[in-house]
Amino acid sequence: MRYNGKVMDIKSQSLFFVGIKGVAMANLAQIAKQMGARVTGSDLAEEFITDPFLSKSEIHVITSFEPSELPKEIDILIYSAAHGGTQNSQVQEAQKRGISVIHQAQFLAEIVSLSKTSIAVSGCHGKTTTSGLLAFALAKLTNTSSHMVGVSGFNDLAGGMFRGQDYFVFEADEYGMDPPRDITPKFHLVKPSFAVITNIDFDHPDVYSSLSEVQDAYQIFINHILEQNERETPLILSGEDPQLAKLITKLPSDSYLLYGSGVDCDVRYTTISYEENKTRFSITSSYFEIGEVEMEIALFGEKNVQNALVGITVLLLLGFKIDQIRTVIAGYTGPKRRFEMKFQEKGIMCFDDYAHHPTEIEATIKACQSRFPNKKLIVIFQPHTYSRTESFKEAFVETLSLADDVLLLPIFGSARESEAKTSIHSQDLVTLSEHKEMKNFQAFEDRDSLITHLKTRLKPGDIVMTMGAGDVYQLSDRIHELVDSQ
């Protein structure tokens, strides 16, 4: 591995991750340890979804950001935008000591550079499900693939795994390096062999001022790939996304493949049918000689058909046979916190989903309704970040209203922002819904009052779904206890 032009043997290095419980950081830490590094890190004492995975990997976590807690023997400190970024006291302490300090995105870029074939999965929505499918398939098809997927785990795999250097699948994120000090998009640092772009949307108002700025960031990402890549068709792009379509017109026609349902797509899906436990769809291609093939996935909704389709397209590009691909992807059940079944008891089902942007919320609700068309859906939504809630409040109300009942928790602020910067609250979404003559919204001051309300609402045949990018997933245990007691 090289850092600042110097060759580093990671097996001989001691690495320290600030904010190690964050999903991306925890996965990178696990990869580093599997590559032979000595790994420790710091974070808050509170429970995180990554705690079991870090514990299983025997990675010690210091629950303090005090400079005095920074171990003496460290070769490299890795940080992210969370917990103050470069202003974090342990980051600054490392700099004082002359320890090499590297951003999470730089560290990922170094790991990507070690692989023979790397696949970046980018896009504002769908990249975790898509990268998870690719990582799962390659893990089944070869013994020499590695991955960094933005989730704690999927199927029987951890979100970060090092198994070899032939293939590396990873999520390429458009978020800034260290806002507001450095808003360089993280995915501008990587140089993949292939890049998937699922869509372009306005998702980070604390980094981008407009959708046009997001498009510009993706254009630069694409340009970097085309400038340094001699592979044929290094880009795999959605033929369904209107914003991406504007960039496609500027690209050489032999630099990309399109996937989707349109007749111009190189790999396209035709029919879709849903069952309670699976989705069936047919695909055909004008680029690959595969005929018309029926596929099956344990995922739901048209968006997930598109996510599966791009995974199929990449695997075909890598040279795998369609029969191999069809067999493997049927076993993919999706990442944790993506329409994840938590329990089914006394006629009540509980799911959990990470959706925190209006586009994702709409896709998840519609996927649930396509799978269970005759059931009542109660969504418990925890808005994520004050800036996103303020920017998308109208769209949040419109998309959440697709559910039968919407129960709102207080906003979950990220480690990068402060409540003092905005006056937005969950109750404002209820007020906005009332102005639109919607009667199915209700806000709660805390979880206890929400659970008390739920006692009077849940009935056999209902579906309850916890939703959001914060810690709302923790509620599923309490809901289970509630159902048990009825």
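Colleague: Leaving aside its neighbours within four places in sequence, with which residues is Leu-237 in contact?

Modeller: In this predicted model, the partners of Leu-237 can be listed once neighbours up to four places away in sequence are set aside. They are Ile-197, Leu-244, Ile-248, Leu-251, Tyr-256, Leu-257, Leu-258 and Tyr-259.

Colleague: Which residues touch the most other members of the largest nonpolar core?

Modeller: In soluble globular proteins, nonpolar side chains tend to be buried together. Here the largest nonpolar core has 82 residues, and a second, separate core of 48 residues includes Phe-136, Phe-281, Ala-308 and Val-314. Within the largest core, the residues that touch the most other members are Leu-15, Phe-17, Phe-107, Phe-170, Phe-221, Leu-237 and Leu-400.

Colleague: What is the order of the strands in the open sheet of six strands?

Modeller: The sheet has mixed pairing, and its twist averages 15° from one strand to the next. Its edge strands, each pairing on one side only, are β20 (340-345) and β24 (441-443). The order is β20-β21-β25-β22-β23-β24.

Colleague: Which residue in β24 does Leu-408 stand opposite?

Modeller: Strand β23 covers residues 405-408 and pairs with β24 in the parallel sense over three bridges. Opposite Leu-408, the residue in β24 is Ala-443.

Colleague: What angle does the direction of helix α15 make with that of β20?

Modeller: Helix α12 (residues 393-400) packs on the sheet, where it touches β22 (377-381), β23 and β24, and its direction makes about 155° with that of β22. Helix α15 (residues 475-485) also packs on the sheet, touching β20, β21 (348-353), β22 and β25 (463-467). The direction of helix α15 and that of β20 make an angle of about 10°.

Colleague: Is Gly-311 buried or exposed?

Modeller: Gly-311 lies in helix α8 (residues 302-317) and, not counting residues up to four places away in sequence, touches Leu-133 and Leu-134. Its relative accessible area is 0%, and since buried means under 20%, Gly-311 is buried.

Key:
Residues are numbered from 1 along each chain as its sequence is written. This is a predicted model: local features need pLDDT of at least 70, side-chain atom pairs count only at pLDDT 80 or more; totals for chains, interfaces and linings use all residues. Side-chain values use heavy atoms; hydrogens and water are left out. A nonpolar core is a set of buried Ala, Val, Leu, Ile, Met, Phe, Trp, Tyr and Cys residues joined through side-chain atoms within 4.5 Å. Buried means under 20% relative accessible area, exposed over 50%, partly exposed in between (1.4 Å probe, protein chains only). Contact means heavy atoms within 4.5 Å. Two strands pair if DSSP finds at least two bridges between them. Helices (H or I, at least four residues) and strands (E, at least two) are DSSP runs, numbered from the N terminus. Axes are lines fitted to C-alpha atoms, for helices over the stretch in contact, and angles run from 0 to 180 degrees between N-to-C directions.
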